[in-house]
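User: I'd like to go through the salt bridges in this one. Can you take me through a few?

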Amino acid sequence: MSNKEKESIQLLQGTLDLIVLRTLATMGPQHAYQVATRLQQISDRLLNLNQGTLYPALVRLEQYGWIKGTWGRTESNREAKYYEITKAGQKALGEETQTWRRMSALVERLLLEES
Amino acid sequence: MKHLRRIFLKFYLLFANSKVEAELAREIGAHLALLEDEYLRQGMTPEDARRAARLAYGGVEQATQLHRDERAFQGLGQILQDTRVTFRQLRKSPGFTVTAILMLALGIGATTAIFSIVEGVLLRPLPFPDPDRLVILGDVLEGSHCASCAPSSVTAPDIRNYMRATQSFSHLGGYRGRLFELSGTGEPAAVNATRMSGEVFAALGVPPLLGRTFTQQEDEEQQQVAVLSYGMWRSRFHGDANVLGSKIILYRKPYTVIGVMPREFEFPLNPGHVNQSELWLPLSLQPEEFTAGSAAAWNSRMVGRLKPGITVEQAQSDAERVARETMRDYPAYMRSLRIHAVVTPLQEDTVAQARPLVRTLLFAVIVVLLIACANLAGLLLVRAIRRRREIAVRLALGARAATVLRQAIVESMVLSIAGGAIGLALAAVALRVGVSRLPQTLPRINEIGLDWPVMLFALGLALLTGFLCGLAPAFAAIRTSVNETLKEGGRAATSGSGHVRLRSALVVAEIAVALTLLTASGLLLRSFEKMRDVKLGFRPDNTLAALYVLPQHRYGTQSAIDEFTKTLLNDLGQLPGLDAVGITSFLPADGNNWGIAFTIEGYVPPKGAGLNMAAMSLVESDTFEALGIRVLRGRVFAESDNAGSQLVAIVNRKIAERYWPGQDPIGKRLRRGLQETSTPWMTVVGEVDDVKLGSPDAETMAQVYQPVTQTVASEGVFASVGELSATDGWIVLRSRMPPEQMEDTLRATVRKIDPQLPLYQMQTMEQAISKSEAPRRFNTVLISSFAIAAVLLSVLGIYGVIAFSVALREQEMAVRMALGCQRSGVILVILSSGARLAAVGCGLGLLGAVAASRLLRSFLFEVSPFDPGVLAFSAITMLLLAELRRRMIEKSLNPFRISLGNRRVYTTFAIELKTLR
């Protein structure tokens with residue numbers, strides 16, 4: 001494992017789901033490579049996601065019924081599986097975002113108090 | 001909701017594995033391709049790009065594994081995978097699979113069948129609501145050693161007193177079983193009926209299927225109503241829904257049917273399935289049942305339901321109080337009798353006698369199961385040892401020990417579940433065939449069957465067996481030392497001391513256990529033999545017997561009864577081919593032998609000796625000759641011994657030796673009842689041989705015979721007003737031809753005198769004896785079958801282990817023979833190594849046999865636990881087994897097989913020798 005990865009933030013399973021969902025919601029249908037690239041871009045390379053760990057998250061979301069995968073073709077005419085957020089997924093995104101905001105606010109408040 | 005969907009998908013995807021894997025591979029491939037493009041664009045060479053893509057991706061195998069873990073229940077998936085692999089492997093070795101499954105089927109099937117008996121008889125709660133509150137209330141009459149009486153019974157006055165004066169019961173009533181003549185529709189038949197207080201239905205609390213049950217008031221008003229059992233309703237009335245209100249004729253009196261009980265209802269819970277009550281009638285105690293002799297007749301029982309919150313002990317002290325009052329009110333002729341009240345839970349009362357038998361059967365069958373399991377464990381162990389190279393390779397390649405362990409257990413479980421399923425089927429067949437053959441001493445036979453608890457038991461047993469049997473070889477497998485196994489290339493002779501010890505332990509255990517069971521069965525067989533050797537005291541050949549009961553309705557006076565008896569004996573005496581005809585109240589081997597108390601002239605009983613009890617048989621005509629009872633002294637009864645003449649009696653040898661040892665009993669006097677009862681003396685005019693009234697292995701009772709015509713006269717104060725004698729009896733015929741041929745003639749003769757009078761329980765005396773031996777025969781046959789099965793299984797197991805150990809040591813034997821050892825010497829080597837095992841096994845087996853015989857003591861009859869015959873039998877069996885073993889070893893040591901191994905040895909040797917030089 002390189003130094004860079006040691007610096008990167010370890011993500012909890014649930015938050016990864018949330019991030020992926022958000023990405024798909026804002027960017028529209030993406031395939032796994034696109035999602036991974038986008039995540040790396042946004043997090044300024046702090047988020048070093050093993051590309052492979054994205055797949056369990058995608059499977060999970062698909063099994064929840066929040067995203068749907070269909071095979072398609074990229075611009076360079078390679079085949080790839082595009083994932084799209086579903087209506088249930090939109091709803092879940094709203095709920096999960098709220099939960100996350102509430103929770104992080106609470107944690108933030110507790111940390112402020114201690115310091 | 002999301003979780004539900006996910007769980008379903010996770011489970012489903014277990015089975016769509018290949019499709020999903022292909023999809024995943026496709027997706028990963030696409031992802032890698034895209035990554036590659038990116039790197040190509042950045043200017044890398046194609047190979048570098050490909051490598052970088054893979055690196056960036058981070059490990060395809062790991063990703064695939066993560067995906068797998070996420071998408072389906074992996075634990076379950078692995079087990080499914082293991083199961084598929086196991087099926088494949090088992091199919092490849094059919095011999096092993098079939099043997100293992102059959103062994104398990106035998107063990108689990110037999111255990112399940114016996115457990116269904118245990119469950120139906122002992123464990124299942126009684127078929128009444130809240131059955132723990134039901135109790136039997138009765139007296140224990142001090143000093144009455146009546147072996148075959150019901151353990152706690154009551155007299156008619158007791159019923160009245162207890163019902164009136166106790167406070168601890170919400171419902172309490174008395175009951176008495178009786179044979180009734182049912183006529184009117186079709187052939188007159190005998191039905192088992194129970195006369196019950198109305199309160200008993202209330203106590204039991206089971207609502208009727210149709211109509212209603214009778215109340216205590218109807219009982220006291222002596223209403224002639226009847227409640228049918230489900231069985232009788234279906235068989236005699238064909239399930240007619242309009243049966244209520246119709247009349248049935250019992251002993252020529254009409255009774256109105258007012259209700260039908262449901263199918264599961266059974267009361268009283270008598271042992272066997274021929275004694276079940278088909279009809280319930282009000283107890284309707286008559287005034288004469290409270291006086292004279294009936295007041296001292298303990299011929300009924302009581303059942304009650306405890307009030308909420310009352311314990312058995314409290315009820316017992318309550319009843320004891322009433323008992324003491326009852327004793328205070330005893331008439332003069334019963335003054336010296338003492339009773340204690342006893343309250344027993346109904347469940348206990350029902351099953352207590354059956355418990356030893358059922359327990360013994362359970363132990364015996366568990367022994368068989370254990371041997372089957374040991375065999376399976378041994379077989380699996382051998383298999384594991386054979387595959388140790390494969391396992392070593394797998395372990396070296398990185399398989400986890402847990403995986404190997406899990407596979408071994410899955411294999412074992414697959415075998416045991418298959419064996420369990422077949423065993424369950426076998427048990428079902430056995431039960432269907434065997435329930436009718438169960439001995440008549442088991443209560444609740446109708447409840448024995450394959451119901452849910454039994455099937456769950458079978459399943460649980462199969463799983464447990466599989467798990468336990470799989471553990472031994474599983475641990476052996478993972479303890480495989482990878483290095484050594486791979487190095488040696490499979491030439492190791494014994495592959496680790498752990499395996500050897502395990503195998504030895506299994507063999508020793510099997511030998512010991514089989515020997516124990518063999519000895520137990522030997523002891524039982526001996527007891528059975530001894531029982532058949534017992535002198536019965538009468539000659540059962542060529543004798544036919546049948547019971548008749550004269551209904552009071554038609555035979556209401558003594559003269560009518562006497563007229564019938566005279567005509568009957570006359571007509572029978574004129575039949576050709578008959579040597580003797582008699583009528584008696586007690587038929588030998590029938591088991592019906594309740595006793596009466598009597599007093600001997602001049603005999604002072606030692607302190608605390610209790611009452612003198614004897615079975616009193618009332619006889620008519622040439623009963624002694626008809627039954628073939630030997631007269632030892634004096635004479636038999638004659639026509640001149642009748643109601644008006646001097647009261648006479650005949651005693652059996654037991655009485656003569658007990659009360660007049662060394663003296664001639666002729667001329668001595670005795671009488672019915674106790675010291676204080678005023679009854680006239682009877683003079684002894686003859687002494688006869690002891691007769692077994694019950695089964696041959698029961699104790700001989702004291703027996704007194706008297707002419708039936710003198711019954712009432714001899715009863716003195718016990719006689720009720722208008723009491724009739726000779727109202728029923730067993731007709732006994734001794735014929736010159738086979739007794740079966742006399743059956744129709746007898747029936748015709750009786751029918752000519754009274755066309756409506758049925759004859760009950762017609763049987764030859766040989767049949768009667770066979771019936772009385774049946775319980776012991778059942779035990780012996782069953783346990784011997786188990787013993788044989790155990791021995792066969794042990795032999796099978798030992799053969800497997802020996803064959804394998806010989807095969808393992810092939811190389812060693814080859815070396816020995818190459819070095820000049822003779823074949824016989826080689827055999828000796830193998831034999832001696834196993835001889836010690838066998839000796840230890842035999843030693844343990846003998847110890848086990850001693851222990852078993854102490855447990856069996858109640859079942860043994862005139863056989864000591866150290867019976868030399870049985871020990872010799874067991875020793876001979878072991879010697880035979882040893883001989884068998886030797887032959888098996890010889891056969892296994894096939895010279896050709898060794899020479900094949902030899903070649904390799906020779907070559908290696910040659911090389912080594914060359915290098916030495």
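Predicted model: local features only at pLDDT ≥ 70, side-chain atom pairs only at ≥ 80, totals over all residues.

User: Is A:R60, the salt-bridge partner of A:D17, buried or exposed?

Analyst: The closest N and O atoms of A:D17 and A:R60 are 2.9 Å apart. That pair links distant parts of the chain, with A:D17 in helix α2 and A:R60 in helix α4 of chain A, 43 residues apart. Buried means under 20% relative accessible area. A:R60 has 3%, so A:R60 is buried.

User: Which residue forms a salt bridge with B:R26, and why does the pair join two chains?

Analyst: The closest N and O atoms of this pair are 3.1 Å apart, and the partner is A:E79. B:R26 sits in helix α2 of chain B and A:E79 in strand β3 of chain A, so the pair joins two chains.

User: What is the relative accessibility of B:E119?

Analyst: B:E119 meets B:R124 in a salt bridge, 3.2 Å from N to O. B:R124 is partly exposed, with a relative accessible area of 21%. B:E119 counts as buried, and its relative accessibility is 6%.

User: Which residues are linked in a network of salt bridges?

Analyst: This one takes in four names from chain B. The linked residues are B:E181, B:R252, B:R554 and B:D754.

Methods
Residues numbered from 1 in each chain as written. Chains lettered and ligands numbered in written order. Heavy atoms only, no water. Salt bridge = Lys/Arg side-chain N within 4 Å of Asp/Glu carboxyl O. Helix = DSSP H or I, 4+ residues; strand = E, 2+ residues; numbered from the N terminus. Buried < 20%, exposed > 50% of the residue type's maximum accessible area, 1.4 Å probe, protein only.
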